[in-house]
Amino acid sequence: MKEGMKERTKMGVLLAVAVVAIILSAFTAAWVLTRPAPVRAPQAVTFVVLAVEYKGTSDASENPPNTTYKAYRWDPSYIRVVKGDTVTLNIFGVNGASHPSTIDAFGQTFTVTRGQWTTVTFVADKGGLADMVCHVPEHTETMHMVIDVVG
């Protein structure tokens with residue numbers, strides 16, 4: 001009888017250890033799958049940005065033939081940086097005479113001129129989404145860049 005009790009006790013301990021191991025594995029897997037991606041240390045980052053105009057013409061019956069449509073954009077229109085990065089935007093004016101612009105979240109005011117490079121540098125010291133926008137009335141609807149500051 002003593003031998004049977006030892007065997008059952010041993011099996012019970014092994015079963016308990018196996019259950020604990022399974023529970024810990026489940027919690028570890030859940031933590032790994034739900035935690036945010038690691039963020040690198042802040043550093044200096046540089047982006048080349050273009051001020052461009054997209055044009056198209058209408059051939060639809062509801063509009064006069066050859067009606068021109070246009071939209072101004074920053075290209076790229078989205079960048080992602082780490083909080084604390086020193087961000088440099090080298091912006092070239094491809095289209096449009098000038099683009100008086102701001103990045104309010106980082107206190108930046110500047111004008112991009114056609115055929116010229118404009119350099120804007122700031123520290124991304126606030127997390128979240130920041131907007132770079134051109135303030136020419138015909139451009140404000142479409143000429144935005146989102147600066148996503150993570151970390």
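Which side chain meets K126 in a salt bridge, and what is the distance from N to O?

Guide: The partner of K126 is D125, with N to O at 3.7 Å. This is a predicted model, in which local features need pLDDT of at least 70 and side-chain atom pairs count only at pLDDT 80 or more, while totals for chains, interfaces and linings use all residues. Residues are numbered from 1 along each chain as its sequence is written, and side-chain values use heavy atoms, with hydrogens and water left out. A salt bridge here is a side-chain nitrogen of Lys or Arg within 4 Å of a carboxyl oxygen of Asp or Glu. K126 is partly exposed at 43% relative accessibility, and D125 is partly exposed at 45%. Buried means under 20% relative accessible area, exposed over 50%, and partly exposed in between (1.4 Å probe, protein chains only).

Searching the whole structure gives three salt bridges. Another joins D85 to R40, whose closest N and O atoms are 2.7 Å apart. D85 sits in the loop between β3 (78-82) and β4 (86-93), and R40 in the loop between α1 (2-34) and β1 (44-57); the pair links distant parts of the chain, 45 residues apart. Helices (H or I, at least four residues) and strands (E, at least two) are DSSP runs, numbered from the N terminus. D85 is buried at 0% relative accessible area, whereas R40 is partly exposed at 34% relative accessibility.

E53 and K70 also form a salt bridge, with N to O at 4.0 Å. E53 belongs to strand β1 and K70 to strand β2 (residues 68-75), so this pair ties together parts 17 residues apart in sequence. E53 is buried, with 17% relative accessible area, and K70 is exposed at 57% relative accessibility.
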